[in-house]
Amino acid sequence: MKKALSATLAVILTASVAAGCGSADKPASGGAAPAPATGDAAKTDKSKGKLTVYVGFQEDHAVEAMKQFTKDTGIQADMVRMSGGEILAKIRAEKDNPQADIWYGGPADTFVAAMNEGLLAPYKSPAAEKVDAKYKDPNGHWTGIYVGFLGFASNKKFLKDHNLQAPQTWEDLLNPAYKGQIVMANPASSGTAYTALYTVLKVKGSEDKGFDYLKKLHPQVQQYTTSGSAPGRMVGMGEAAVGVLFAHDVIKYQEEGFDTMELTIPKDGTGYETGAVAVIKNTKNQELAQKFIDWSLGASAQEVGQRTGSYQNLTNPDAKEPKKAIKLSDINPIQYDPTEAGKERKRLLDKWNSEVKK
């Protein structure tokens, strides 16, 4: 495997963070900073204080962001990394006594579900003015910081051994050769997988046709993981033939040395996440939390992920896009409405559990 040193460093980083966390309920320390009205990180007038941040994207990216936030602002930040559905469940359970101040990253439809339950505090950051309206809540309950598109990760050896081309459409996943060989996350715990579920309904043209497809896909699935990015690693290690996950996570695994994977984007339509940030309602650190929102929307904050191999598209037009980010001109994105997806989340998950995963 190439880039072994990079992979080793990633393992060391993960181990060190785990040692600092101990468990999902024991945050790891990091740091980051707020931004002025322009949205970029402040270098002066640093504040004192401490925040707890629930993070919904890759851990190495999160650790780097927390360090940068503290460096820019002087505000300490502890982080706890979980999948989007897990964060929603935790905030819901803690609503009467919040244990965190910020929700940072993960699909916006999960934020919409939290907003509809009254779990988020609105804040319209001056820095949000630069963010396209389709990537933010008009009342400031959440604001997009990145965009990620769904893709398929295929194991090259499996394709060669079975004389197959990497799947090009959602329908290709129903090929009998993939029976018990596909891995994707559970949509109840993973924002990535819920994005995939909602995407299928749109690609197939109706809810009924979409669920008919999901019922056919179920026997093809070897495992539903908790984490949305985990399928990529499983495919890279030869434990499965195809994984459904965000394309930027596939690219990250390839860059870390998993050249055993081939990335394809479904030509019949792919959905996307608007990775968001929000203030958790009833936080005791309202002012510091707002400074984190300001900072996270700045160009320099959004560019932090590139230092750890995160290749999402960015929402701040002044931010420099990663060179390996997916180009919109090369794919066929669906009209993904995070507000509708968030409103329908519980109903669709209940239906999936009763009709598909039963």
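The largest cavity holds about 180 Å³ of space; a cavity here is a set of points on a 1 Å grid over the protein atoms alone where a 1.4 Å probe fits but cannot get out, and lining residues have an atom within 4 Å of a point. Volume is the space filled by probe spheres set on the points, which are joined across faces, edges and corners. This is a predicted model: local features need pLDDT of at least 70 and side-chain atom pairs pLDDT 80 or more, while totals for chains, interfaces and linings use all residues. Residues are numbered from 1 along each chain as its sequence is written, and side-chain values use heavy atoms, without hydrogens and water.

Of the 19 residues lining that largest cavity, Gly56, Phe57, Arg81, Thr192 and Asp249 sit nearest its centre. The second largest cavity, at about 110 Å³, has 14 lining residues, with His61, Ile145, Tyr146, Gln302 and Leu314 nearest the centre.

Now for the charges: there are 17 salt bridges (a side-chain nitrogen of Lys or Arg within 4 Å of a carboxyl oxygen of Asp or Glu). Three of them:

| Pair | N to O distance |
|---|---|
| Aspartate 78 – lysine 50 | 3.3 Å |
| Glutamate 171 – lysine 204 | 2.6 Å |
| Arginine 233 – glutamate 256 | 3.9 Å |

Arginine 233 and glutamate 256 are 23 residues apart, and shared partners join Asp60, Arg233, Lys252 and Glu256 into one salt-bridge network.

Notes:
On a 1 Å grid over the protein atoms alone, a cavity is a set of points where a 1.4 Å probe fits but cannot get out, and a pocket is an open set with protein on both sides within 12 Å along at least five of seven lines; lining residues have an atom within 4 Å of a point. Helices (H or I, at least four residues) and strands (E, at least two) are DSSP runs, numbered from the N terminus.
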